Amino acid sequence: MKISCVILTMGNRVAELDRAVESALSQDDGDVEVVIVGNGADVPELTARSRPGSGSTIKKVRLNHNAGIPKGRNRGVQECSGDVVLFLDDDGWYADSKLVARIRERFAAEPDLAVISFRVMEPDGGSVQRRHVPRLRVGDPERSSPVTTFLGGACAIRRSAFLQVGGLPEQFFYAHEETDLAWRLLGEGYRIEYDAEAVMYHPLVLPTRHADFFRLNARNRVWLARRNLPWPLAVLYLGNWIALTLLRERSGASLRAWFQGFREGLRESAGERRPMAWRTAWRMLRLGRPPIV
């Protein structure tokens with residue numbers, strides 16, 4: 001079972017990218033194919049190299065403009081040949097040189113497993129952020145469990161399943177593209193697992209650092225519902241997120257941006273609509289996260 005690792009970069013974090021690539025190339029059970037996608041930028045020269053005698057390789061691909069995270073990762077999957085694809089942020093790195101061996105063993109033994117979401121740790125040993133554990137009841141971050149979504153920059157995906165459901169929705173650009181993919185995989189009968197033993201390091205950064213965070217977050221939630229949910233569930237889902245946003249957010253500017261994005265999501269095309277079966281929604285309820293929140 002061949003393993004590929006897709007790393008998306010803007011070319012502006014050279015030292016961090018070098019570290020990320022090195023962590024993929026230095027796996028004990030190696031021969032990892034690393035595909036680096038320059039998202040509107042040249043891939044910089046790196047010092048990371050394959051080990052002598054290793055079958056690991058590095059391939060560089062450049063997109064002409066910043067096409068967004070889902071399109072960049074889709075292009076990386078097109079360029080790689082692995083049976084399983086790791087997505088790694090360019091400022092993250094793998095904590096354990098045995099990670100690939102674990103991933104290869106699990107996917108080989110569990111044919112219905114589509115995605116493994118990794119446990120994200122801060123390098124200074126800080127606590128795991130709540131948003132990095134993809135379930136409603138976070139509980140103990142060191143407890144593995146089935147889940148209904150995953151972390152886009154800290155995961156492993158069965159390539160055949162990824163292609164079967166059409167990959168990531170490229171028009172999303174940023175935010176919730178993983179959930180769209182996850183829901184479609186669940187609809188095809190696949191499993192998604194949060195594996196607390198599969199660890200990657202990532203510095204503490206807040207998603208709100210992105211200028212368009214609130215607008216894209218809201219727009220893509222609307223698209224997510226319009227693309228994937230039966231209409232009664234779509235109404236509940238969006239109503240719940242309006243209420244949660246009003247309760248959580250105190251900044252007037254942030255709320256204006258969020259509702260601007262919400263209106264865009266209603267007006268603009270969401271792409272192909274493939275509402276999940278009610279049995280899929282029931283399955284998600286049994287997994288602890290019904291598609292209304």
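Visitor: Where is glycine 153 found?

Guide: Helices (H or I, at least four residues) and strands (E, at least two) are DSSP runs, numbered from the N terminus. Glycine 153 lies in the loop between strand 7 (145-146) and strand 8 (154-158). This is a predicted model, in which local features need pLDDT of at least 70, side-chain atom pairs count only at pLDDT 80 or more, and totals for chains, interfaces and linings use all residues. Residues are numbered from 1 along each chain as its sequence is written, and side-chain values use heavy atoms, with hydrogens and water left out.

Visitor: Is glycine 153 buried or exposed?

Guide: Buried means under 20% relative accessible area, exposed over 50%, and partly exposed in between (1.4 Å probe, protein chains only). Glycine 153 has a relative accessible area of 10%, so it is buried.

Visitor: Which residues does glycine 153 touch?

Guide: Contact means heavy atoms within 4.5 Å. Leaving out residues up to four places away in sequence, glycine 153 touches Arg73, Phe87, Leu88, Asp89 and Met200. Sequence and space can also be set side by side: glycine 153 and isoleucine 69 are 84 residues apart in sequence and 9.7 Å apart in space, C-alpha to C-alpha.

Visitor: Which residues of helix 2 are buried?

Guide: In helix 2 (residues 69-79) they are Pro70, Gly72, Arg73, Asn74, Gly76 and Val77. Their cover includes strand 1 (3-9), strand 2 (32-39), strand 3 (57-63), strand 4 (84-89), helix 4 (159-164) and helix 5 (177-187).

Visitor: At what angle do helix 6 and helix 8 pack?

Guide: Axes are lines fitted to C-alpha atoms, for helices over the stretch in contact, and angles run from 0 to 180 degrees between N-to-C directions. Angles under 35 degrees count as roughly parallel, over 145 as roughly antiparallel, 65 to 115 as roughly perpendicular and the rest as oblique. Helix 6 (residues 213-228) and helix 8 (residues 252-267) pack at about 30°, with their axes 7 Å apart. Helix 6 is therefore roughly parallel to helix 8. Residues making this contact include Phe214, Val222 and Trp223 of helix 6, and Ala257, Trp258 and Phe262 of helix 8.

Visitor: How many helices and strands are in the protein chain?

Guide: The protein chain has nine helices and nine strands. The radius of gyration is taken over C-alpha atoms, and the globule rule is 2.2 Å times the number of residues to the power 0.38. For the protein chain the radius of gyration is 19 Å, close to the 19 Å that the rule gives for 293 residues, so the chain is as compact as a globular protein of that length. Buried residues make up 54% of the 293 residues.
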